[in-house]
Amino acid sequence: MHVTVKLFATLVRFKEGTRAGRPFEMELPESATVKDLIDMLKIPPEETHVVFINNIIEEHLSKLKDGDVVGLFPPVGGG
Amino acid sequence: MTVFQQILWGYELTYPEHWAHQPVQDADAFHEDMDSENESLEFGQLVVRGEWNWERKPIKPLWNQHIGLMAGMIGAKEVGSAPWKLGGAIGLEAEIVLPKKDNRRLWTGILTHDFRVLHFMVTHPKEIRETFEPVATKVISSLRFLYQIQGIKTSREGIPLPPGYEAVDPKSVLTDIADPQNWRAYSGTAGMGALQAFYIREIPLHNWDMEEYVPFPSSSELGFARLQLRRRDLKVTLGIMPYDPSGTITSSSPANIVIKIA
């Protein structure tokens, strides 16, 4: 399945060439969870504090479905 | 039945027609309507208070803190706690033993859900237990966390505004700004935690990207909560600025909203 991913604040360093909030596409296996997505991006789990799926706060173990838009945000972004 | 929506904390409770809701500082109280049949002070009530838990502290330290505060306030002792699950949230609950001279019963519980903690307290005179407790239990059981709330007002840029907040002169909140035309300010009395809960939920729903967020309190020395938002080419900074006439700023201090248009 295809999902759209947005990384925010310090998480942009895990995706070369992106900037905060710029969407990019990822291909994931069916029934993948947010945690699977985070693992594929090689982001340490403790660095993703908030997960938005289609603009609603969800948990790391939430299952994704084709077409979802996933936003990932760290514990503190900015200083 | 009446449905009460706590728009800032994002939950709703349903209570019977002969009950009333009353905001009490940073909490919400529900009790039998004093204008109806029960006019004495001997009534039961349910109080719900929200807490912003951005750090996602686990339930046990939150509970210890909660019980410690209650014990200090009313001289009560804990008689043990039991796990509690409701509306997709997890928590702990306990019947509290009050000093013998007190004729009231007290039950308390906390629930955590994403970054929110809800503190519950039910108290009533012992003699109305049989009539009051089933109703209070039903009200608590009606708890539902809300993800999308209709009718949220927005600023002219489309930034969601908390209920009860009114536009004010930006210079009345930030006295040292040189370009007030690029600022908006809104004044109200909601607490820091409640406002952060509101914005973290509402910002994405209003199609804004939250590019940065500095929570309050945090290790940052900022002294307020700050969100950097973007919607297409429009970039704004939103500050949740605490104020407290007593001079002590806490996570439940009231706060004003300021918005800087880039």
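A residue is counted as buried if 20 or more other C-beta atoms lie within 10 Å of its own, as exposed if 12 or fewer do, and as partly exposed in between, with C-beta atoms placed from the backbone. Of the 79 residues of chain A, 32% are buried on this count. For chain B, the share is 37% of 262 residues.

The model is predicted: local features need pLDDT of at least 70, side-chain atom pairs count only at pLDDT 80 or more, and totals for chains, interfaces and linings use all residues. Residues are numbered from 1 along each chain as its sequence is written, while chains are lettered from A and ligands numbered from 1 in the order in which they are written. The predictor assigns the complex an ipTM of 0.85 and a pTM of 0.91. Chain B has a mean pLDDT of 90, where pLDDT is the predictor's confidence in each residue, from 0 to 100. In chain B, 96% of the residues reach 70 or more. Where pLDDT is low, the predicted coordinates should not be read in detail.

Chain A contains one helix and five strands. Helices (H or I, at least four residues) and strands (E, at least two) are DSSP runs, numbered from the N terminus. The order of elements in chain A, from the N terminus on, is β-β-α-β-β-β. The radius of gyration of chain A is 11 Å, close to the 12 Å of the globule rule for 79 residues, so chain A is as compact as a globular protein of that length. This radius is taken over C-alpha atoms, and the globule rule is 2.2 Å times the number of residues to the power 0.38. The C-alpha trace of chain A spans about 35 × 25 × 20 Å along its principal axes. Two residues are in contact if their C-beta atoms, placed from the backbone, lie within 7 Å. Of the contacts in chain A with a separation of 6 or more, 57% are between residues 24 or more positions apart.

Two loop residues of chain A have positive phi. Ala9(A) is not a glycine, yet its phi is near 50°. Ala9(A) sits in the loop between β1 (2-7) and β2 (24-27) of chain A. It counts as buried, with 23 C-beta neighbours inside 10 Å. Asn55(A), also not a glycine, has a positive phi of about 75°. The loop between β3 (50-53) and β4 of chain A holds Asn55(A). Asn55(A) is partly exposed, with 18 other C-beta atoms within 10 Å.

Chain A meets chain B through 15 residues of chain A and 17 residues of chain B. On the side of chain A that touches chain B, β4 (56-58) and β5 (69-73) of chain A each supply at least two residues. That side of chain A has eight nonpolar, six polar and one charged residue. Here Ala, Val, Leu, Ile, Met, Phe, Trp, Tyr, Cys and Pro count as nonpolar, Asp, Glu, Lys and Arg as charged, and the others, Gly among them, as polar.

Chain B has four helices and 17 strands. The C-alpha atoms of chain B fill a box of roughly 60 × 40 × 35 Å along the principal axes. Among contacts in chain B between residues at least 6 apart in sequence, 48% join residues at least 24 apart.

Chain B is divided into domain 1 (2-145) and domain 2 (166-261), with bounds from an automatic or database domain assignment. The centres of the two domains, taken over C-alpha atoms, are 29 Å apart. Their contact takes ten residues from domain 1 of chain B and 13 residues from domain 2 of chain B. Strand β5 (residues 45-52) of chain B gives the most to the domain 1 side, with three residues. By class, that side has five nonpolar, two polar and three charged residues.

Tyr15(B) belongs to strand β2 (residues 11-15) of chain B. Tyr15(B) is buried, with 22 other C-beta atoms within 10 Å. Beyond its neighbours within four places in sequence, Tyr15(B) is in contact with Met1(B), Thr2(B), Phe4(B), Phe30(B) and Val139(B).

Helix α4 (residues 192-205) of chain B has 14 residues. Of these, 13 are buried, so α4(B) is largely enclosed by the rest of the structure. Just after α4(B), Asn207(B) takes a positive phi of about 65°. The peptide bond from Phe216(B) to Pro217(B) is cis, with omega near 0°. Pro217(B) lies in the loop between β14 (209-214) and β15 (225-231) of chain B.

Methods. The expected span of a helix is 1.5 Å times one less than its number of residues.
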